[in-house]
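Okay, thanks for making time, everyone.

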Amino acid sequence: RLMAQHLWKQTHSLRSHPHVAEVRQTGMILAVEMVQRTGSKLPYPASERRGLIAYRHALSKGVVLRPLGNVLYLMPPYVLTLKEAEMLCEVLCEAVDAATRDAP
């Protein structure tokens, strides 16, 4: 539970990101839904493959995210250290920025 709380705290900046509709969490599974505009929750067209862009960015940093469309999932192992959790969350935030950089 403590590690799940730590993950939630480490992703606080995503909850006010202009291209994130929702950050949700169940236990150690964290999901981030990327959208064109937060206010309207207008999704990105599937053809833009924003989740794939985020996945590739994270992979280049040694982190595996699970993209399902425009939703990114982080599912770390229970043996995660605090330092590793911070690194995962930092890369997740970077990946969202990379995937939404040229958004309208």
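So, the protein chain has 3 helices and 4 strands; those are DSSP runs, helices being H or I with at least four residues and strands E with at least two, numbered from the N terminus. Going along the sequence, the pattern is α-β-β-α-β-β-α.

Quick housekeeping: this is a predicted model, so local features need pLDDT of at least 70 and side-chain atom pairs pLDDT 80 or more, while totals for chains, interfaces and linings use all residues. Residues are numbered from 1 along each chain as its sequence is written, and side-chain values use heavy atoms, with hydrogens and water left out.

Now the overall dimensions. The C-alpha trace spans about 40 × 25 × 20 Å along its principal axes. The radius of gyration is 13 Å, which agrees with the value near 13 Å for a compact globule of 104 residues; that's taken over C-alpha atoms, and the globule rule is 2.2 Å times the number of residues to the power 0.38. Take contacts, meaning heavy atoms within 4.5 Å: among those between residues at least 6 apart in sequence, 53% join residues at least 24 apart.

What about the inside? Buried residues come to 42% of the 104, where buried is under 20% relative accessible area, exposed is over 50%, and partly exposed is in between, with a 1.4 Å probe and protein chains only. In soluble globular proteins, nonpolar side chains tend to be buried together.

Which residues touch the most other members of the largest nonpolar core? Out of its 27 residues, they are Leu 14, Val 32, Leu 65, Leu 72, Leu 80, Leu 92 and Val 96. A core here is a set of buried Ala, Val, Leu, Ile, Met, Phe, Trp, Tyr and Cys residues joined through side-chain atoms within 4.5 Å. At least two residues each come from α1 (2–10), β1 (20–26), β2 (29–34), α2 (50–60), β4 (71–74) and α3 (82–100). The top contributor is α3, with 9 residues. As for Leu 14, leaving aside residues up to four places away in sequence, its contacts are Val 20, Val 23, Val 32, Leu 92, Cys 93 and Val 96.

Most residues other than glycine have a negative phi. Lys 41, though, has a positive phi near 55 degrees, and Arg 49 has one of about 50 degrees.
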